[in-house]
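This report describes a protein from its sequence and its three-dimensional model. Please look at both before reading on.

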Amino acid sequence: MSPPKKKILVLGLGNPILSDDGVGIHAVKAVSSLFSHPQVEFQESSLAGFGFLDTISGFDKVIIADSINWGKNPAGTITFLKTEDLKDNPYLRNFHNLSLAGTLALADHMGVPRPQEIVIFAVEAKDCSTFSEKCTPEVETAIPRAAEMIIEQLKSWLGSEKITHSVKEVKHG
């Protein structure tokens with residue numbers, strides 16, 4: 001009997017009615033319209049803390065797309081992070097006062113099963129407080145590139161260089 005296939009979750013985080021805060025959700029929608037594989041599942045969420053752990057439970061690997069507001073780079077800059085990168089800068093915008101690194105460390109301490117590999121594609125936000133289903137122009141232009149980067153990560157994990165895709169301009173709102 002062959003070993004069970006690994007499952008991958010591509011998770012868009014944010015609030016799609018708060019301008020740039022929805023960029024993670026928009027990026028994951030773009031990926032799901034361009035890429036399909038039986039081992040990959042796409043979801044959207046605004047959960048944090050242990051609610052977040054419930055969402056990622058049962059997956060072997062997770063890709064997160066979310067906004068960040070670090071102010072280190074221009075709006076629309078995409079930063080690739082691994083969970084260990086968050087130890088010195090632990091707050092993704094969606095996690096407010098509970099860091100992703102802290103949540104995962106607590107899960108490990110309590111023996112809660114979780115994916116061992118989690119990567120994050122974080123897009124520097126400009127405006128996460130205006131009620132709008134559209135991102136600012138700087139962040140909007142980052143969505144196709146974020147989608148392309150996520151697809152490349154999926155292909156790397158799946159070992160599927162034969163999978164073809166085309167990243168096209170994705171309009172929403």
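## Strand 5 and its partners

In strand 5, Ile120 is the bridge partner of Ile64. Ile120 of strand 5 is also the bridge partner of Leu81. The model is predicted, so local features need pLDDT of at least 70 and side-chain atom pairs count only at pLDDT 80 or more, while totals for chains, interfaces and linings use all residues. Residues are numbered from 1 along each chain as its sequence is written, and side-chain values use heavy atoms, with hydrogens and water left out.

Strand 3 (residues 61–68) pairs with strand 5 in the parallel sense over 8 bridges. Strand 4 (residues 78–82) pairs with strand 5 in the antiparallel sense, over 5 bridges. Two strands count as paired if DSSP finds at least two bridges between them. Strand 5 (residues 117–124) is largely enclosed by the rest of the structure, because 7 of its 8 residues are buried. Buried means under 20% relative accessible area, exposed means over 50%, and partly exposed lies in between (1.4 Å probe, protein chains only).

## Leu11 in strand 1

Leu11 lies in strand 1 (residues 8–13). Its relative accessible area is 0%, so Leu11 is buried. Leaving out residues up to four places away in sequence, Leu11 touches Val28, Gln43, Glu44, Ser45, Phe52, Thr55, Ile56, Ile63, Ile64 and Ala65. A contact here means heavy atoms within 4.5 Å. Val28 is 17 residues from Leu11 along the chain, and the C-alpha atoms of the two are separated by 6.8 Å.

## Thr55 in helix 2

Thr55, one of the residues that Leu11 touches, is found in helix 2 (residues 49–56). Thr55 counts as buried because its relative accessibility is 13%. With residues up to four places away in sequence not counted, Thr55 touches Leu9, Leu11, Gln43, Ser45 and Leu47. Gln43 and Ser45 are also among the residues touched by Leu11.

## The protein as a whole

The secondary structure comes to 5 helices and 5 strands. These are DSSP runs numbered from the N terminus: helices are H or I with at least four residues, strands are E with at least two. From the N terminus on, the order of elements is β-α-β-α-β-β-α-β-α-α.

Of the 173 residues in the protein, 51% are buried. Among contacts between residues at least 6 apart in sequence, 77% join residues at least 24 apart. The accessible surface comes to about 8800 Å², and 51% of that belongs to carbon and sulfur atoms. Accessible areas come from the Shrake-Rupley method with a 1.4 Å probe; for residues, only the protein chains shown count as cover.
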